[in-house]
Amino acid sequence: MPATADRLKNVSISASAAMTQRARELAAQGIKVVSLSSGEPDFPTPPHAIEAAYAAALAGDTKYPTMDGTPAMKAAIIRKFKRENNLTYEPNQIVVSGGGKQVIFNAVLATCNPGDEVVIPAPSWVSYADIVKFAGGVPVSVPCPENAGFKLRAEDLEAAITPRTKWLFLNFPNNPTGAACSRAEMAAIAEVMLRHPHVWILTDDIYEHLVYDDFEFCTIAEVEPRLYDRVLTMNGVSKAYAMTGWRLGYCGGPKDLIAAISNVNGQNSGGTSTLTQAAAVAALDGPQDLLKERSSIYKTRRDYVLGRLAEIEGLRAHKPEGAFYIFPNMSELIGKTTKGGRKIETDVDFVMGLVEEHHVATVQGAAYGMSPYFRISYATSMEMLEEGCNRIAEYCKNMK
Ligand code: PMP
């Protein structure tokens, strides 16, 4: 047999995708599964975005796109960065890709030589480390412990940086913890980075609009303008506008870095779908009320789930500032046995027991690099959340 490439050896399939798959299999057997594992808004794409894609298709906007983004898309992104983040970019400082994921992939491929280190605050989105490994880089995990509110502490960041560090990745509001950084907390991170001019910073702001209780989102290039030339500000339409299936993400950054990313982007895709770009322009330029409306619905759900978790003996959940995840600690349940006879030794055992015995899909903390925790996504209806919480409560209550 011809062999696949060595670079795939360290790359795993995403644990949240694996859990979503297991939930689908159970559902296909006719079992009523409560899926709290998917990091995807349950809301529909705004109709004006869909209409813009349809109009673009009818108008003949169906030819190969400009590789790094249509002029209209770049202009809408430049307006968005100015309006929402007070960041100024020129068109040659923007690249549009097929999702935030592809932006990160391209950025890492464009910059990391074998052995280059990427500092990743943990827990973190599963794909960061895999993408870095794919490029031959070395992910360096820096724990953001629960007692620090799952935030990155300046001293831990300082200790993680070496002469081989190429990037620091930031993702606040965070997947999987929901933790977000205040301006002061971001300024403390920025201060460390000012001392290390050989390191680029990628800020994954995909959950920017999902913050609660009047929390104010901030992004590092705006908090510390002296870092502007080293920051790649990444965002997308997936989470804010419920456009996960359209596949569009974008970034703004220094010209030379953007040219390198654009080069990779041009080789691994012929550019993002013209219809998707038309829809995304409408989403970014259109009415923004839906962001507040949806964020207030997410807040109600967050508070509901937190309230229910607080009543469950053996679980402890930190209150997140944003995103649509809760990351409860389940250490007190370690050593117990479930009603179905499963011994709980790890968070993997916990989530497997939960999906097999009570048909609730969640994801183990281990997948994000921090145990013993599990991730609940509350991007689903109140009805599902209520049923899911009932089942989690029953599962934990019956452990001996
Ligand atoms: N970053 C984070 C932190 C995410 O959670 C996700 C989606 N799960 C992405 C990026 C990818 O988003 P996109 O759909 O834009 O590729």
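**Exercise 1. Domain separation**

In this predicted model, work out which residues form domain 1 and domain 2, and how far apart the centres of the two domains are over C-alpha atoms.

*Solution.* Start with the distance: the C-alpha centres of domain 1 and domain 2 lie 26 Å apart. Next, look at the bounds. Domain 1 is assigned two segments, 6-44 and 290-397, while domain 2 covers 47-285.

**Exercise 2. Where the domains meet**

Find how many residues of each domain are in contact with the other, and which elements supply at least two residues each to the side of domain 1 that touches domain 2.

*Solution.* Count the contacts first: 33 residues of domain 1 meet 32 residues of domain 2. On the domain 1 side, at least two residues each come from α1 (15-28), α11 (289-310) and β9 (325-326). Of these, α11 gives the largest share, with 5 residues. Now sort that side by class: 16 residues are nonpolar, 11 are polar and 6 are charged.

**Exercise 3. A look at Ile-161**

Locate Ile-161, then decide why it is classed as buried, exposed or partly exposed.

*Solution.* Begin with the position: Ile-161 sits in the loop that links α6 (154-160) to β5 (165-170). Then count its surroundings. Ile-161 has 19 other C-beta atoms within 10 Å. A buried residue needs 20 or more, and an exposed one has 12 or fewer, so Ile-161 is partly exposed.

Beyond its neighbours within four places in sequence, Ile-161 contacts Val-119, His-196 and Val-199. Its C-alpha atom is also 8.6 Å from that of Glu-117, a residue 44 places away along the chain.

How values were computed. Residues are numbered from 1 along each chain as its sequence is written. This is a predicted model: local features need pLDDT of at least 70, side-chain atom pairs count only at pLDDT 80 or more; totals for chains, interfaces and linings use all residues. Domain bounds come from an automatic or database domain assignment. Two residues are in contact if their C-beta atoms, placed from the backbone, lie within 7 Å. Helices (H or I, at least four residues) and strands (E, at least two) are DSSP runs, numbered from the N terminus. Ala, Val, Leu, Ile, Met, Phe, Trp, Tyr, Cys and Pro count as nonpolar, Asp, Glu, Lys and Arg as charged, and the others, Gly among them, as polar.
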